[in-house]
Amino acid sequence: MKILITERELMRPGGSELFGIDIARGLAERGHQVAIYCPHLDDAYALLLGARGVAVRARLADLPWAP
């Protein structure tokens with residue numbers, strides 16, 4: 001299943017940010033295609049999640065698949 005998670009920002013660890021990251025990692029580990037769309041993000045989160053199979057993009061047009 002292709003799943004898109006949206007966040008307002010991923011700049012520092014907080015409530016919804018950590019929840020979104022945990023959900024994305026868990027779904028990716030179960031074989032789903034997961035992406036996070038976030039217009040304001042820290043590249044460290046993109047690298048961390050990318051290594052776990054979760055695409056993190058600041059533009060919807062840059063997602064690896066159409067949501």
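In what sense do β3 and β5 pair, and over how many bridges? Before I answer, please keep in mind that what we are looking at is a predicted model. In that model, β3 and β5 pair in the parallel sense, and the pairing runs over 4 bridges.

In soluble globular proteins, nonpolar side chains tend to be buried together. Here the largest nonpolar core has 14 residues, and the members that touch the most other members are Leu10, Ile36, Val54 and Val56. At least two residues of this core come from each of β1 (2-6), α1 (15-29), β3 (33-37), α2 (43-50) and β5 (54-57), with the largest share, 3 residues, supplied by α1. If we take leucine 10 and leave aside its neighbours within four places in sequence, its contacts include Ile21, Ile36, Leu41, Tyr45 and Val56, and also Glu17 and Asp42.

Finally, the charged side chains: how many salt bridges does the structure hold? There are 3 salt bridges, and I will go through them in turn.

Arginine 8 forms a salt bridge with glutamate 9, with the closest N and O atoms 3.8 Å apart. Arginine 8 is exposed, at a relative accessible area of 64%, whereas glutamate 9 counts as buried because its relative accessibility is 15%, and the cut-off for buried is under 20%.

Arginine 25 and aspartate 22 also meet through their side chains, at 3.8 Å from N to O; both lie in helix α1, 3 residues apart, which is about one turn of the helix. Arginine 25 counts as partly exposed at 28% relative accessibility, and aspartate 22 counts as partly exposed at 45%.

The remaining salt bridge joins the side chains of aspartate 62 and arginine 59, at 3.1 Å from N to O, and aspartate 62 is partly exposed, with 38% relative accessibility.

Technical notes:
Residues numbered from 1 in each chain as written. Predicted model: local features only at pLDDT ≥ 70, side-chain atom pairs only at ≥ 80, totals over all residues. Heavy atoms only, no water. Core = buried A, V, L, I, M, F, W, Y, C linked by side-chain atoms within 4.5 Å. Buried < 20%, exposed > 50% of the residue type's maximum accessible area, 1.4 Å probe, protein only. Contact = heavy atoms within 4.5 Å. Pairing = 2+ DSSP bridges. Salt bridge = Lys/Arg side-chain N within 4 Å of Asp/Glu carboxyl O.
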